[in-house]
Amino acid sequence: MVIDCDVHHTRKSPNELLPYLKEPWKGEMIKYGGRYLSAGINSHDGGNRRDIQPPNGGSPGSDPHHMKEDLLDKYDYSYAILTGTGHDVTGIPDADYASAIVSAWNDHTIEHWLPVDKRYKMVLWVAHQDPQQAAQEIDRLGDHPDVVSVWFSSISAMPFGNRFFHPIYEAAQRHNLPIGIHPGNAGAMMAQPSATAAGMARTYLEWHTGVSHMYMAQLTSLLFEGIFERFPKLRFYLVEGGYSWLPHLMWRMDAHYKGLRQQAPLLKKLPSEYIADHVRFTTQPLEEPKKHEHLLQIFDMMDAENTLMFASDYPHWDSDDPPYVLRKLPESLQQKVLHDNAAKFFGLD
Amino acid sequence: MAFQFVATTDEVPDHGCKLIPYRKHEIGLFHENGAYYAVLNYCPHAGAPICRGEVEAPLTASADGTYTVETDRPVLRCPWHHWEFELKTGAPVCDIKQKLKTFEVVVEGNNILLDL
């Protein structure tokens, strides 16, 4: 039994969104299509797995019946959490447009995907450019029985500990929904102050490797800005941004905090001690050190037995299927990582 | 170890791939520019059906702005994770230990034989 925390469904065409868009966005979509960000690099060499092709056409992940057979049935899934496609949306400067689009995505998922199989669950997309509108979207659909979390991309104008985002966190806590952070796609990287910790990336390869920089910075911000003291029931899960960096970050945060605690006065315990109650990580892309024993040591250092959850990233080019991940996990972690940790985190039976 | 007939040449068009059952897996029989290659349809990385990937010409660079697309060097790129292996030898393009299993191919007239 598997719970997959990151399954990228999509639309067969942008026109599928039209019934869920109000004006002026509907008219714009009809006349001009959707808005997309491009950073002038080749992201297509990543893209989707090349062996996935829905029989009735459309891009991989666009057919709920095909995905059911190719993923849920094939690997005996308990649940597949649908996370959508188009993670550049939170880099689009027009917050009204972005809010309307993600709202249409949510309605489209409810109508087109959830009825196909009860094992489909969904994240609730919000555009964090306007936290008030994001909170309204959480209030609109946050209590839907198949919504298991709030979701946005890591492409942001400022780190997530900033008080600008508080309305989103208040709403997520109010509805008892964790928040998933997923990398924005490379096309949106120029919408950030810095595409990587060092600056602009030349290639998709360089940007994708550097996603972990961004995640380290986001988690540092969430912890030091006291988000989990301000919102004591709020939980985050960090998707597709790695986790081998976590021991280093915890040690460094704790070490600095001991001397500079005055700069994070809301905290009541060591920064790393908030992680057990508030933060989870997902497996994909599985870290692959030359010596597998080193990965096992990382698992031990980050308490993976309780903090790590399975994600496939289906149907993307670097997706990991459950048998592959199982082979890399010690027996003591298999059940918890593939199923139990996510079941507990999302409240899925 | 013996050569066995597996297909006729007209069953494997140029730039095509024919899958042949082999023990618990399959063998992918490829035809690229007049040459035939046979590899196990099982990626040594994550166990993907690698023969559903694409045959590409690898890109190399000797200096900034000096690129070479090696069209005489067919490389099979896995549909999962996009790892590259030499179609002829199964050797990885990157300096890693994983290697794709290959089979010796002999063409006699219109018959393709594999050393199984």
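This is a predicted model: local features need pLDDT of at least 70, side-chain atom pairs count only at pLDDT 80 or more; totals for chains, interfaces and linings use all residues.
Of the 349 residues of chain A, 60% count as buried, where buried means under 20% relative accessible area, exposed over 50% and partly exposed in between, with a 1.4 Å probe and protein chains only.

The accessible surface of chain A is about 14,600 Å², and carbon and sulfur atoms hold 52% of that area. Areas are from the Shrake-Rupley method with a 1.4 Å probe; for residues, only the protein chains shown count as cover.

## Fold content and dimensions of chain A

Chain A contains 14 helices and eight strands; these are DSSP runs numbered from the N terminus, helices being H or I with at least four residues and strands E with at least two. The radius of gyration of chain A is 19 Å, close to the 20 Å from the globule rule for 349 residues, so chain A is as compact as a globular protein of that length. The radius is taken over C-alpha atoms, and the rule is 2.2 Å times the number of residues to the power 0.38. Along the principal axes, the C-alpha trace of chain A spans about 60 × 40 × 40 Å.

E6(B) runs antiparallel to E7(B), residues 66–69, and four bridges join the two; strands pair if DSSP finds at least two bridges between them. Ala63(B) is opposite Thr66(B) of E7(B). The hairpin has two residues between its strands, and Gly65(B) in the turn has a positive phi of about 75°.

Tyr67(B) is in E7(B) and is exposed, at 54% relative accessible area. Together with Leu59(B) and Val69(B), Tyr67(B) makes a nonpolar surface patch of about 340 Å².

## Hairpin E11–E12 of chain B

Strands E11(B), residues 105–108, and E12(B), residues 111–115, run antiparallel and are joined by four bridges. Val105(B) has Leu114(B) in E12(B) as its bridge partner. Two residues lie between the strands of this hairpin, and Gly109(B) takes a positive phi near 65°.

## Conventions

Residues are numbered from 1 along each chain as its sequence is written, and chains are lettered from A and ligands numbered from 1 in the order in which they are written. Local features need pLDDT of at least 70 and side-chain atom pairs count only at pLDDT 80 or more, while totals for chains, interfaces and linings use all residues; side-chain values use heavy atoms, with hydrogens and water left out.

Methods:
Patches are made of residues with over 30% relative accessible area and no salt bridge: like charges are joined within 9 Å, nonpolar side chains (Val, Leu, Ile, Met, Phe, Trp, Tyr) within 5 Å. A salt bridge is a side-chain nitrogen of Lys or Arg within 4 Å of a carboxyl oxygen of Asp or Glu.
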